[in-house]
Amino acid sequence: MKNNQELMEKIVSLCKRRGFVFPGSEIYGGLANSFDYGPLGVELKNNIKNIWWKRFVHQRDDMVGIDAALIMNPKVWSSSGHLATFNDPLVECKKCHHRFRADHVKAEKCPDCKGELTEAKQFNLMFKTFLGPVEDADNTVYFRPETAQAMFVDFKNVLETSRKKVPFGIAQIGKAFRNEITPGNFIFRTREFEQMEIEYFVKEEDWKKIFEYWKKEMWSWMTGELGLDKKNIHELDVPDNERAHYSKKTIDLEYDFPFGRDELYGLAYRTDFDLKNHYKEPPYEDAESGEKFYPHVVEPTWGVDRSVLAVLCDAYVEEKDRVVLKLKPNLAPYKVAVFPLLKNKPELVEKAKEVYNMLKKEFNVAFDDRGNIGKRYYSQDEIGTPYCVTVDFDTLKNDTVTLRDRDTMKQERAKISDLVNRISESLNG
Ligand code: ATP
């Protein structure tokens with residue numbers, strides 16, 4: 001396991017320096033544990049979300065998507081049990097008054113000053129606000145702490161408009177908010193984050209089989225689409241007393257982050273708990289038998305920000321002269337960078353711009369004419385760009401360029417007319 005503070009600091013520093021992730025509101029001194037995705041971070045994050053949507057929604061016949069409001073009728077949260085039970089145990093140090101999540105404190109002493117801690121109190125994690133100008137109990141609403149409830153609340157509308165039959169799923173990508181007691185470890189635990197969730201509706205007798213199926217799908221996503229090293233991923237069967245209030249079985253998929261092993265994704269069997277809470281009558285009718293019932297739910301859930309972090313940690317490699325992000329090409333913010341060999345030769349710059357504009361119709365492309373070629377290569381390696389294309393004097397004669405591979409650092413001559421195909425091929429791998 002990589003338990004490595006220094007590595008984490010290097011990744012955080014690269015993220016800031018190169019525009020992946022910045023501290024939020026930095027010019028005002030920041031806001032505790034809030035982060036903004038910069039120009040490269042938003043590309044990486046969007047690539048992850050788009051690939052996820054393609055794989056789990058577009059490429060399947062049994063899945064549809066929704067994009068629901070963040071603020072829902074507060075009755076949703078009383079019915080779902082979140083108002084009563086979406087709590088974390090909070091302890092306070094009697095000496096320095098710092099607060100901690102009780103289950104995160106190991107030695108029953110304050111981690112900061114070793115002072116004595118209070119008894120744990122339950123603290124509700126939902127963020128509150130008010131709808132409209134009057135700030136009273138009647139107007140209190142909550143930012144959703146998970147995207148999942150919208151899939152249950154919209155279940156009938158989705159069913160009627162999509163005509164799906166059990167087993168089928170509803171997917172959503174969106175923000176969730178939790179007033180975490182102890183956020184930290186960069187974008188691992190923040191108070192505002194993004195989830196990609198599927199509520200998969202099944203007949204009760206099928207849940208075990210389907211749970212196993214989704215476990216495999218999640219593994220295949222992590223090692224396939226995200227390219228994470230299998231060695232760094234672990235399964236944890238969550239014990240009874242640590243499971244969320246709605247779950248009868250939960251598996252956490254954990255990742256060896258530089259700060260230690262912790263939850264990347266979760267897979268839960270939510271039974272018919274949610275649909276029963278929201279619907280007085282069974283909301284589903286079997287087309288053949290006419291039987292009405294409450295479908296049971298298997299829920300695979302993926303944190304977007306934790307995906308970004310795991311991908312960055314897994315891809316970060318230090319070699320003799322360079323730092324490389326060995327991102328899978330389909331995740332890389334830029335697919336290719338174009339350079340004119342010399343900045344002060346207008347004919348090279350013009351030709352390089354032409355190649356750049358052609359490639360830009362297909363991919364996100366970088367252009368760089370600063371410093372020497374070696375520095376430009378290293379600069380692209382550090383942000384994971386799989387290919388660099390250099391336009392030189394031969395290009396002007398025969399329309400070929402130098403194509404340089406990020407991982408092998410090999411250079412070869414390639415025809416300009418072959419570039420789109422060459423780069424596209426690498427994105428399918
Ligand atoms: P934890 O035990 O780490 O608090 P959880 O078990 O409460 O997480 P879930 O309710 O299962 O988390 O949420 C689903 C997914 O959402 C998690 O697997 C994780 O990827 C992501 N997630 C949850 N809380 C946060 C957070 N505060 N910041 C970033 N991502 C989060």
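A polar contact here is a pair of N or O atoms within 3.5 Å; within protein, one must be able to donate a hydrogen and the other to accept it, and residues adjacent in sequence count only if both atoms are side-chain atoms.

You're looking at a predicted model, where local features need pLDDT of at least 70 and side-chain atom pairs count only at pLDDT 80 or more, while totals for chains, interfaces and linings use all residues. Numbering starts from 1 along each chain as its sequence is written, and side-chain values use heavy atoms, with hydrogens and water left out.

First, colour 5-78 + 137-314 as domain 1 and 325-428 as domain 2; these bounds come from an automatic or database domain assignment. Their C-alpha centres sit 36 Å apart.

Next, select the interface. Here 16 residues of domain 1 contact 13 residues of domain 2 (heavy atoms within 4.5 Å). About 1,200 Å² is buried between the domains, 62% of it on carbon and sulfur atoms (accessible area, 1.4 Å probe, lost by the two parts on being put together, summed over both).

Now zoom in on Arg17 and Glu382, a salt bridge with its closest N and O atoms 3.0 Å apart (the rule wants a side-chain nitrogen of Lys or Arg within 4 Å of a carboxyl oxygen of Asp or Glu). Across the interface there are 2 salt bridges, and 6 residue pairs are in polar contact, both at pLDDT 80 or more.
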